[in-house]
Structures are given as structure tokens and as C-alpha cells.
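Student: I'd like to learn how to read a fold feature by feature. Can we walk through one together?

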Amino acid sequence: KKNPLGGLSRKSVVVNNYRSKHNTDPVILDAGDVFFASAVLASQNAEGDKLQAKGLLQGYETIGCDALNVGGFDLAAGKDFLLSLANDSSIPFISANLTDTNDILLFPPYAIVEKNGFKVGVTGVSNLVPEHVKDVRKRPYVEEANQVIAELRSTVDFIVLLANVHRKHVKGIVQQIPDADYIFISRDTQRTRPEIKQEEGGPYIYSSGNQGKYLSVVEIELLNQHEPIMDISAAEGKIKSITKRLKKLQDKDPEKSLEEIYADKPNVLKLVEDYRQQLVKYETIMADAVNTTKYESVALSKKVGEDSELLTFVDETLASCNALRKKPIKASKSIITPKKGPFKKKISKN
């Protein structure tokens, strides 16, 4: 994540496309480590990095972020700088376990987001405070998360935990914090793949990796509030994979059945039968699911496209930041001509 601003305009495209396609406004969250690429800022680049953080926050406000969990990297410029960002932003900064030296929480422990007829309780934790930040303490994150979740449970429809924790702590977090509905991890180096089977009944846990190259998208379809929610991501992925494999076998001769094509190859026919049995299994899972949740990991590649206004803003912000840096970060190489619009740059070097 050499440049935290990278991908900002593509995130905007994904979000806006989702809004248009589904005619709904998604809940947009960040699990932490959004502002800086490391726990310590290089002194020669610190002012540029801080200006960049302000620009990134403005970009998030433009996209429409609903809550932001404070991660360890977010404290790289110190507590006071982060508090100043939070105080000047319309986005709720949350943390259920980060405190000052008097054990007073630095940020609200949760936010309640009301959209599409539902209330989503969002809480966040981190156990990765940088060593050089001496005026921030951390309460035990598992205990604090469970306490907030217990408080929220009777007042919201869904509970999301944003967890900024090292990979070694990810294993077991589902068992440690069982009453969350969804858990999003921000420091895990490995990205969750849709075909990975989740714990039945949740909490469902996801990570986009730590390089800012992917966006996690979770959809919920709720038809009966009295029925459990079933994760169909793995089943749907298996169906697509098996269907693709059968099609590849069929492509050898579309006019014949697979039994005719591979009559002299019993091993292939056995494989075909196995594929068909698996299809029945996963299609049954899909058919029996009343309430469903589905996860997709969206690559923020060039194929996504760019939000031209945000792209221009990013490049202009980087230019301002680089003027303060001794080791500048490269601006976008996009050749998209920006359109004119109401988006105005409001950050300053002061």
C-alpha cells in the first residue's frame, strides 16, 4: 500500500455502479489503516503524508463512508493529528478499545447506520498501536468488542465488527467474538476468497488484504427475519466453477452428449458424474436458502474504470503532497480527461 490514495477513484466507481444497479445505498465501512502505509512516518515526508491523509478523508466523504475504524497505522502521525481529522470530518471515527492515558475512550465505541429499512451497529477495535505513540492505550479488544456487541444486540438488526488485528490473532476471532454477524479484518495479509467455506451461522469473516487492491462487497437478501441467514458465496462459486468445467468438456463436440464424446474414456465420465452430483448438492443448498448473504472480492484494476473528478483530485493532491516530500509518490498515469463538476478541493498545506 505504497500510496493510500491509490484506488480511491476506482472505489468510487464500484460504489456508484452498485448504487445504480441495485437502486440502493450500501453501507460503506473501512476496517482501519486507511490513512498511512506504515506505523511510522519518515520525517522528511511527514508533512506530505499528513496532507495526503486529509485528502484521502475528503475523498472518503465524497464517496460516502458511513464509519471508519481506527487502526494502528492511522496513528502514525500521532493521536492529536488523528483527533483533528476526526473532529473535522462528517465520517464517524470509532474505536471500542483505544483510550488516552487516563483510560478514556478516544472515539465513540460504535456507530449505528440506518439504511434500507435496517439498523446496522458498527463497532471497531485494534491491538496494533505503534510503539512510538506513547499517549494511546489499548484495552483488551476481545472483551471490549463483546461488551459493545451485547449492548447493541437488542437495538439493531445486524452487527458488524471492524477489527484491525495482526494475522496471528485472526484465527479464533470468530469463536472469541461469536455474536457479531460480520467481521472485517484490516491488517490480514491474505485476502478472503468467495469459495472459502464460512462458519455455519457466522460470524462471517472477510479480509481484503493489506495492499488496497481489493474491495469487499457483501450482499444480504432477507425474506424472513425469523429464519437464519445462509452464506451462499461458496455454493455459488462452486456452481460457476463446475459449470465452466463441464462446458469446457462439452466444447470438444457441442452436437454430442458427454457420454458419447468420452465413451472410450471412463475416467473422464466418472469425473463428469462427480461434477453433476456436486451441482445437485450446491444447487440444493441455493434453493433451500431463505435468507442469504453473498460475498465478492472486487479487484480495483483498470477494468473498473475511473471516477474522473476524483482522479483529478487525487493527482492534484499528490502533486501538493510531493511538493512537501523529498521522496515523492508518482501520480496516476491515467489519460482520462476529467469532466467539470462541483467537486472542489478544500485541503491546504497549513
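Student: Let's start with helix α7. Which of its residues are buried?

Tutor: A residue counts as buried when its relative accessible area is under 20%. This is a predicted model, by the way. In α7, the buried residues are S233, A234, A235, I239, I242, L246 and L249.

Student: On to rings. How many aromatic pairs does the structure hold?

Tutor: Seven. To classify one, look at the angle between the planes: under 30 degrees is stacked, over 60 is edge-to-face, and the rest are tilted. Take F36 and F81: their ring centres are 6.2 Å apart and their planes sit at 45 degrees, so this pair is tilted.

Student: Where in the chain are F36 and F81?

Tutor: The pair links distant parts of the chain, 45 residues apart: F36 is in the loop between β1 (29-30) and α2 (46-63), and F81 is in helix α3 (residues 79-87). F36 is buried at 3% relative accessible area, and F81 is buried too, at 13%.

Student: And how are the rings of Y182 and Y204 arranged?

Tutor: They form a tilted aromatic pair, 5.8 Å centre to centre, with 55 degrees between the planes. This one also links distant parts of the chain, since Y182 is in strand β9 (residues 182-185) and Y204 in strand β10 (residues 204-207), 22 residues apart. Y182 has a relative accessible area of 4%, so it is buried; Y204, at 4%, counts as buried as well.

Student: Which residues form an aromatic cluster?

Tutor: F35, F93 and F107 form one.

Student: Which charged side chains lie over ring faces?

Tutor: R187 lies over the face of F73, at 3.8 Å from the ring centre. R191 lies over the face of Y214, also at 3.8 Å from the ring centre.

Student: Now the sheet. What is the strand order in the open sheet of five strands?

Tutor: Strands of a sheet pair through backbone hydrogen bonds, either parallel or antiparallel. Here the order is β5-β6-β8-β9-β10, and the pairing is mixed. The edge strands, β5 (110-115) and β10, each pair on one side only. From one strand to the next, the twist averages 20 degrees.

Student: In what sense does β9 pair with β8 and with β10?

Tutor: β8 and β9 pair in the parallel sense over four bridges, and β9 and β10 likewise pair in the parallel sense over four bridges. I185 is bridged to S207 in β10.

Student: Which residues of β9 are on each side?

Tutor: In a regular strand the side chains alternate between the two faces of the sheet. In β9, Y182 and F184 are on one side, I183 and I185 on the other, and all are buried, with both faces covered.

Student: Which helix lies across β5, β6 and β8?

Tutor: That's α4 (residues 141-152), lying across β5, β6 (118-126) and β8 (158-164) and running at about 165 degrees to β6.

Notes: Residues numbered from 1 in each chain as written. Predicted model: local features only at pLDDT ≥ 70, side-chain atom pairs only at ≥ 80, totals over all residues. Heavy atoms only, no water. Buried < 20%, exposed > 50% of the residue type's maximum accessible area, 1.4 Å probe, protein only. Helix = DSSP H or I, 4+ residues; strand = E, 2+ residues; numbered from the N terminus. Phe/Tyr/Trp six-rings, centres within 6.5 Å; stacked < 30°, edge-to-face > 60°. Lys NZ or Arg CZ within 6 Å of the ring centre and 35° of its normal. Pairing = 2+ DSSP bridges. Axes fitted to C-alpha atoms, helices over the stretch in contact; angles between N-to-C directions. Contact = heavy atoms within 4.5 Å.
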